[in-house]
Amino acid sequence: MLVEPIKSRPVYKGITVDPRARRHIFVLEGEGANALLEQKDKLTPAILAETDILYVARGSVGRGYEEALAALDAGSDWTAPTVETLLFRLKVVLGSADMGTRLYIAGTEGFIGQAMQIALDAGMDYSAIPTEHRGSLARRVQCVHCKGITENVTTSPFTCTHCGLSLFVRDHYSRRIGAFQGVIIDAEEPGNVPEPEELYL
Amino acid sequence: MAIVFRQETFRDDFTYRNSPENIRRFPFPFPDDNYMYSVNMEPHVKGAAGTVFENLIDVDEHYISEMADRALVLKADPLRYQALPHMMQAQWDTLELLMEQQAAGYPEHFTLEKNGDRWRWINRPLGIDDTFTFGDLTTLPMEPLEYISRQTQGDITIVDQRDNNLWMDAGMVTTQADWSLDFDVGMNFMEWHGPVPLAHQQGVFERALKFLLNMQLGKPIRRYNWTMTINPRLDTSPENYPKWGKDRTTVTPENVGDKVHLRVEVQTLWRLPRSNALLFVIRCYLMNMSELVTVPKWANRFHRVLGSLPTELVDYKGITRYRDVTVEWLSKYDDGAPTSAGTFPD
């Protein structure tokens, strides 16, 4: 569970199927599949017929959910090979979505952040998009110096994959960027970098 | 009386200094001998001549050099200026307000002539004489907020008001105390204040937000904020922290007077007429310790404030490494006498 009181971090309240929506788009990553699978009793054939599932496994975690999702027999069900391809398809899908569409996002925080960015760019209001955090506590972090984003950060400090600086993770989150803020840890004493701690497994 | 503008730098050789007259008008922010957060907002009304409140938008001897430093920051990092698309009306509101205030306060330096929507803006210190159509983007060399904020001292942000909250949706931020506009743009009031310690628990931000949401046109308000900076560096951004972080380790008992600066922000907030947005002007003033102790009352008081500052605030403000050496240096100038009421010099 994410319990730290970080004011700028979104609150992931969990997903409940909205019976009033005319169309449902579930965007799921890894163990996020469970956010949908655990609501089987609410998924009437009528709802399922208007449901689109976009799913991506997360590394070795979450394998095996493809079959369970396929067994729901939703209107459409697609497993993406990578997060990037899923986001690309989501952009197109939302581009043609109408007013009665409800988008649901579940997975790690970095995944939710990236899918939310696509939704915001499509003109959706973030407060109307149910989200559920599932799986790893890994963070998506933007280097405040070079602006490059490093995915799946589990330690602090960590090395920016773009500029190579040693960054600590500030508890400050930008929805627009979909990431936490990474700040150089040894600016005052160059080279004095503490051992990384596994804070976000 | 015309201001004599100084030629000075805020980087490299750091030639920034305050003239004796400018020291006397420094906005010393401490009304007491100790400090804690408060919702310290007051009406932004004109004050006495010889103070920074003589005019509602203050222009001082550092104007030309500060604008040159801003241009250098933007050249290296254009992301310091950001404006979300729905903020264009608020940008024009801001341009009007800052032109009007500067022209009203300093007619010898700035002139604004309005003929309907056709406006002529003369900025003599920067050698600008432009005629444009108010509301027509194509008649300015850049967006209105960027244009006027390249000609106004202080960081500028515009916050949109909707859903009973405030949203930081535009800004020009080059003289900031360690926060990133690029990261914070689009955030609401609670979100962008997220990293500030102590104040959340005390309900400071809830009260402040409620107050700000109800601000009225023509009744601007102001508050102080402060921190400390090593060397007179305006751009202490997180982006450039690798460049200025080391400065904090360079303070010795011998160089405290020159290196250690009190950094005061006078934040003024204004309701804008057409967009209903709020304009935040965050004006930074720097004064080194040698300059500060030329005013005996400030020497006494600042020594006591700094010595009694709670540890969380010492850490948050980033002054841990040099607080003690500075307090020790200041102690030589504290005669132990009670300080008089108010913030102004005796």
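Contact is taken here to mean heavy atoms within 4.5 Å. The structure described is a predicted model.

In chain A, helix α4 (residues 83-95) and helix α5 (residues 109-121) have axes that come within 9 Å and cross at roughly 30°. Because angles under 35 degrees count as roughly parallel, α4(A) is roughly parallel to α5(A). The crossing of the two helices, α4(A) and α5(A), is right-handed. On the α4(A) side, the residues that meet α5(A) are Val83(A), Leu86(A), Leu87(A), Leu90(A), Lys91(A) and Leu94(A). Their partners in α5(A) are Phe111(A), Gln114(A), Ala115(A), Ile118(A) and Ala119(A). The residues of this contact comprise 9 nonpolar, 1 polar and 1 charged.

Among the buried residues are Trp298(B), Phe302(B), Val305(B) and Leu306(B), together with Lys297(B), Arg301(B) and Arg304(B). The buried residues of α11(B) pack against strands β8 (221-230), β9 (260-271) and β10 (278-288) of chain B, and also against helices α1 (20-24), α10 (289-292) and α13 (320-331) of that chain.

Leu126(B) is located in the loop between β4 (118-123) and β5 (128-133) of chain B. With a relative accessible area of 27%, Leu126(B) is partly exposed. Neighbours within four places in sequence aside, Leu126(B) is in contact with Tyr63(B), Ile64(B), Met67(B), Arg150(B) and Gln151(B). A distance of 16 Å separates the C-alpha atoms of Leu126(B) and Leu140(B), which are 14 residues apart along the chain.

Methods: Residues are numbered from 1 along each chain as its sequence is written. Chains are lettered from A and ligands numbered from 1 in the order in which they are written. This is a predicted model: local features need pLDDT of at least 70, side-chain atom pairs count only at pLDDT 80 or more; totals for chains, interfaces and linings use all residues. Side-chain values use heavy atoms; hydrogens and water are left out. Axes are lines fitted to C-alpha atoms, for helices over the stretch in contact, and angles run from 0 to 180 degrees between N-to-C directions. Helices (H or I, at least four residues) and strands (E, at least two) are DSSP runs, numbered from the N terminus. Angles under 35 degrees count as roughly parallel, over 145 as roughly antiparallel, 65 to 115 as roughly perpendicular and the rest as oblique. A crossing is left-handed if the near helix is turned anticlockwise from the far one by less than a right angle, and right-handed if clockwise. Ala, Val, Leu, Ile, Met, Phe, Trp, Tyr, Cys and Pro count as nonpolar, Asp, Glu, Lys and Arg as charged, and the others, Gly among them, as polar. Buried means under 20% relative accessible area, exposed over 50%, partly exposed in between (1.4 Å probe, protein chains only).
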